[in-house]
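Hi everyone, thanks for coming. Let me put the sequence and the model up, and then we'll walk through them together.

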Number of protein chains: 2
Amino acid sequence: MTTPRTDVTSIGNAIVDIIGRCDDAFLGEIGALKGAMNLVGADDIKRIYDRMGPAIEISGGSAANTVAGVASFGGKAGFMGKIADDDFGRIFTHDIRSIGVLFSADPVANTEPTSRSLILVTPDGERTMNTYLGISTSLDSTQLDLELIRDSAILYLEGYLFDREGAKSAFRDAVAVARTAGRTVALSLSDAFCVDRHRSEFLELIRSGIGILFANESEITSLYQTTSFDAAADCARADTKLAVLTRSAKGSVILANGTSTSIAADPITRVVDTTGAGDLYAAGFLFGYSRNYSLDVCGRLASLAAAEIISHIGARPETSLAVLAASKGLIS
Amino acid sequence: MTTPRTDVTSIGNAIVDIIGRCDDAFLGEIGALKGAMNLVGADDIKRIYDRMGPAIEISGGSAANTVAGVASFGGKAGFMGKIADDDFGRIFTHDIRSIGVLFSADPVANTEPTSRSLILVTPDGERTMNTYLGISTSLDSTQLDLELIRDSAILYLEGYLFDREGAKSAFRDAVAVARTAGRTVALSLSDAFCVDRHRSEFLELIRSGIGILFANESEITSLYQTTSFDAAADCARADTKLAVLTRSAKGSVILANGTSTSIAADPITRVVDTTGAGDLYAAGFLFGYSRNYSLDVCGRLASLAAAEIISHIGARPETSLAVLAASKGLIS
């Protein structure tokens, strides 16, 4: 096994977020399930966009947000995802490259547009996503940069990819390449409803030996079809070597080799927008893990990044996470 | 003269702002004049974008920001500007319509892209714009909605339009239509360097009888080629019936019929981003003026709107200005 040149490489949907505010009633009017990632078609995204208020556009995408976070910590990161030759594709490419993430996708012309998600933030700070996958629906193994995967200490995958056949296949190919190169494969379950749509395949992949599993409370209980977090955690402990389970304000728990490490959520003054909380938690954890920090420090870096992201609109850090972590004495 | 159905209609560049942070040295590296609106070509905007850090996209455009502000106060507003059939054109259209502003431009296909401005915000909160006009360079009289102009109490024009021949001509046609209908014509000088490029034409238009002139300190001193604000103010008083001169933190002064009304700047905790300060000042003033408030109240509504906009990133209000003004007892 050669020394990796990149800390974390992820594969995911290359998405630009269109973020606006709304009240809870509006979610009902457009038929969106609060707090979830709702997949919508071309007609639906137009219908919702026409009805929602003014918005701002910020690069997003779950696995892309995670590697953006890793880069903000000072880590070396790469991303694979599919974009179209349009303004949103150029925005996505600019933003991820400008923070030093390796991203070399060729924009696809004259086809479906770049993926976008209408993110509606309610007064409680909760985000509800209405995602139009567009060009991402044709992501497949031909978009993989196998050398980058072999050169990365960690390959990180978002569960959202399971919603598309071609991507699912790319996902499996990437896992095989990473494993052969002796790298760590990390998986985020992404969304409880996504888990519900693909439960058996998720379980099959996890039981085949995923290195690190990330899930929040609703995702892990959905996976194991139980209402008990503790029961789900026991299942996760049995199925994985390292499971990292997040519980929003209740903090998180890291299950590894029979040990359990509890991490408190970082205190914040006000939750402005929860978009990206899980993505940035994973960023902090993976950065710490790739640099061989203790699981406790990995968890604290994760909580720090999650707290930064929910204190403002958008799922990309506004502050250098390296500076923030150093100011807390977590990294030097 | 029929009763107007719209309070304020503006004509301007339909722009989406791409806002990022940088230090002062970066402005030197890209050759941008700090605090100014730098016009750039297609190659230059690509060169600067490739070098700048991550950004967020928010609808902008000086005169468009002003009518967005009028709408936020509860006023009826309209906008005329040119967009291309691209993602940025759709963003612009959505955002301005979603707050109730009348805007009915047909997107132009297969030509130059929608106008965009790379806005770099330095640590002091000052914004430096690098604007690529794109499709806006072909704005001409055919884009005017003459009925909307005749139906609006106030026609508001941004001085930036003087940078393009076709737009200048549209500008003059619009002024003629508004005057014939007995409406008020308001003009913002927009930028000191823009004034310098078109001084004689600005003076000719102003002296032909503009209803309300808006200018900041550097613009009005540039117009009258003096270093003395007081000397420039005396010239403005002689040339106009109503001149509104802004001086950033020093507040503003309203010169009308031999009287002078001083308005203090609203106190704010921290200047985050000055983008849109002048645009929103004009919004508050024009809303008050169209509703026949006293000049003092018009000025205070203006200061309130300017303070809201510089307290966050972007040039569109994040808070309802109507609610904000009511909470201060300025409007009921």
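**Sheets, helices and a pair of chains**

Let's start in chain A, where eight strands make an open sheet with mixed pairing, in the order β5-β1-β8-β9-β10-β11-β12-β13. Some housekeeping before I go on: this is a predicted model, where local features need pLDDT of at least 70, side-chain atom pairs count only at pLDDT 80 or more, and totals for chains, interfaces and linings use all residues. Residues are numbered from 1 along each chain as its sequence is written, while chains are lettered from A and ligands numbered from 1 in the order in which they are written.

A word on terms: helices (H or I, at least four residues) and strands (E, at least two) are DSSP runs, numbered from the N terminus. Two strands pair if DSSP finds at least two bridges between them.

Back to the chain A sheet. Which strands sit at its edges? Those are β5 (77-80) and β13 (259-263) of chain A, each pairing on one side only. From one strand to the next, the twist averages 15 degrees. Helix α3 (residues 62-72) of chain A packs on this sheet and touches β1 (6-11), β5, β8 (152-158) and β9 of chain A. The direction of α3 makes about 165 degrees with that of β1(A). Those angles run from 0 to 180 degrees between N-to-C directions, and axes are lines fitted to C-alpha atoms, for helices over the stretch in contact. Touching, or contact, takes C-beta atoms, placed from the backbone, that lie within 7 Å. Further along, β9 (residues 184-188) and β10 (residues 212-216) of chain A run parallel, joined by three bridges, and A:Leu187 is opposite A:Leu213 of β10(A).

Now over to chain B, and strand β1 (residues 6-11). Is it buried or exposed? Six of its six residues are buried, so β1(B) is largely enclosed by the rest of the structure. Buried here is 20 or more other C-beta atoms within 10 Å of a residue's own, these atoms being placed from the backbone; exposed is 12 or fewer, and partly exposed is in between. β1(B) pairs in the parallel sense with β8 (residues 152-158) of chain B over five bridges, with B:Thr6 opposite B:Ser152. It also pairs with β5(B), again in the parallel sense, over four bridges; there B:Ser10 has B:Phe79 as its bridge partner. For contrast, β11 (residues 242-246) and β12 (residues 252-256) of chain B run antiparallel, with five bridges, and B:Val244 partners B:Ile254.

Next, a helix pair. The axes of α11 (residues 277-290) and α12 (residues 295-310) of chain B come within 7 Å and cross at roughly 150 degrees. Among the residues that meet are B:Leu280 and B:Phe287 from α11(B), and B:Leu301 and B:Ile309 from α12(B). By class, that contact has 16 nonpolar, three polar and one charged residues. For the classes, Ala, Val, Leu, Ile, Met, Phe, Trp, Tyr, Cys and Pro count as nonpolar, Asp, Glu, Lys and Arg as charged, and the others, Gly among them, as polar.

Finally, how do the chains meet? 19 residues of chain B are in contact with 19 residues of chain A. On chain B's side, α4(B) gives the most, with six residues. A rotation of 180 degrees with 0.0 Å of shift along its axis superposes chain B on chain A (RMSD 0.0 Å). The two copies are thus related as by a two-fold rotation axis. That superposition is by least squares on the C-alpha atoms of residues with pLDDT of at least 70 in both. In chain B, the C-alpha nearest the axis belongs to B:Glu57, 2.4 Å from it.

Conventions:
Two residues are in contact if their C-beta atoms, placed from the backbone, lie within 7 Å.
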